[in-house]
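Please look over the sequence and the structure before reading on.

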Amino acid sequence: MIGEKTDMRFASFEGRVCLVTGAGSDSGIGFNTAVILGQLGARVAIVSTTERIYNRTDELKALGIDARGYIADLMDRSQVRAMVKAVLEDFGTIDVLINNAGMVQVGVEEDFSGFLDMSYESWDDAIDRNLNIPFNVTKEVIPTMVAAGYGRIVNVSSVTGPVVSNPGESSYSAAKAAIVGMSRSLAIEFGNNGITVNCVLPGWIGTASQTEAEAAGGLNTPLRRSATGKEVANAIVFLASEEASYITGESLVVDGGNTIQEYKGPQELYY
């Protein structure tokens, strides 16, 4: 009723368990998402491929967040199965899944070879890392959501593939575009189970893994900068919230307006 005291937070995740993959970097999208979810009341499970995930877990706990970290190679389906089983044993359920892992792995260099020079192994690795990871984790988590009659899945794709592309990124583009297609299908298939499935498509992001060329690209967006991990995380958290309950199968572009501008060259020649 009007006049009643209400929680001033726009969204609340009280009583919800959220699983966030790819949360090892302290400046990354995944960890920033976990922080916001936890500050909004969620219990948080975070995953990465290295022991630095325990540092992130300690940082979440220092903020008063109920959090646990897990190490897993999410391209290995047996490890995915074991990780999800451990999360369910520790937390009892999984209400929200943020599929952020992919693109870059610590100790693994990206391959930007042109299509003619690309090896079959490089193609398979890019598809495995960027498409199969969200498939693998969703495949293990979604039965729990179906049983509960509730779920929020947010897949972190990219503008690269679904909207634009770059030389030397045919495999990455293919995988990220496929995530959008998969998400739409899942949104239709599981909507009647109270589950929404959406994508966030980041543009240039100023994380620790950003290259010099990517940073320069950010300077030529309408906002004249790259996004922070937190800015992308805010979009993810919205789509994972109760307030986004009638949004499913959608792709939210977070790129500072980069893909709407026709001219992307040096500012002094046009602007």
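The model is predicted: local features need pLDDT of at least 70, side-chain atom pairs count only at pLDDT 80 or more, and totals for chains, interfaces and linings use all residues. Residues are numbered from 1 along each chain as its sequence is written, and side-chain values use heavy atoms, with hydrogens and water left out.

**Nonpolar cores**

- A nonpolar core is a set of buried Ala, Val, Leu, Ile, Met, Phe, Trp, Tyr and Cys residues joined through side-chain atoms within 4.5 Å; buried means under 20% relative accessible area, exposed over 50%, and partly exposed in between (1.4 Å probe, protein chains only).
- The largest nonpolar core has 34 residues, of which Phe 13, Leu 37 and Val 44 touch the most other members.
- At least two residues of this core come from each of β1 (17-21), α1, β2, α2, β4 (96-99), β5 (151-156) and α7 (229-239); helices (H or I, at least four residues) and strands (E, at least two) are DSSP runs, numbered from the N terminus.
- Beyond its neighbours within four places in sequence, Val 44 has contacts (heavy atoms within 4.5 Å) that include Cys 18, Val 20, Leu 37 and Phe 91.
- Another core, of 28 residues, lies apart from the largest one; among its members are Met 83, Val 84, Ala 187 and Phe 190.

**Helix α2**

- Ile 53, Arg 56, Thr 57 and Leu 60 are buried in helix α2 (residues 52-62).
- Viewed down the axis of α2, its buried residues fall within an arc of 105°, so they line one face of the helix; the arc is that of the directions from the helix axis to the C-beta atoms.
- The cover over the buried residues of α2 includes α1 (29-39), β2 (43-48) and β3 (67-71).
- Gly 64, which follows α2, has a positive phi, near 85°.

**Cysteines**

- A disulfide is a covalent bond between the sulfur atoms of two cysteines.
- With a disulfide taken as a pair of cysteine sulfur atoms within 2.5 Å, a search of the whole structure finds 0 disulfides.
- The closest cysteine sulfur to that of Cys 18 is in Cys 199, 18 Å away, which is too far for a bond.
- Cys 18 is buried, with a relative accessible area of 0%, and Cys 199 is buried, with a value of 1%.

**Charges over rings**

- A charge sits over a ring if NZ of Lys or CZ of Arg is within 6 Å of the ring centre and within 35 degrees of the ring normal.
- The charged end of Arg 16 sits over the ring of Tyr 150, 3.7 Å from its centre.
- The charged end of Arg 56 lies over the ring of Phe 31, at 5.7 Å from its centre.
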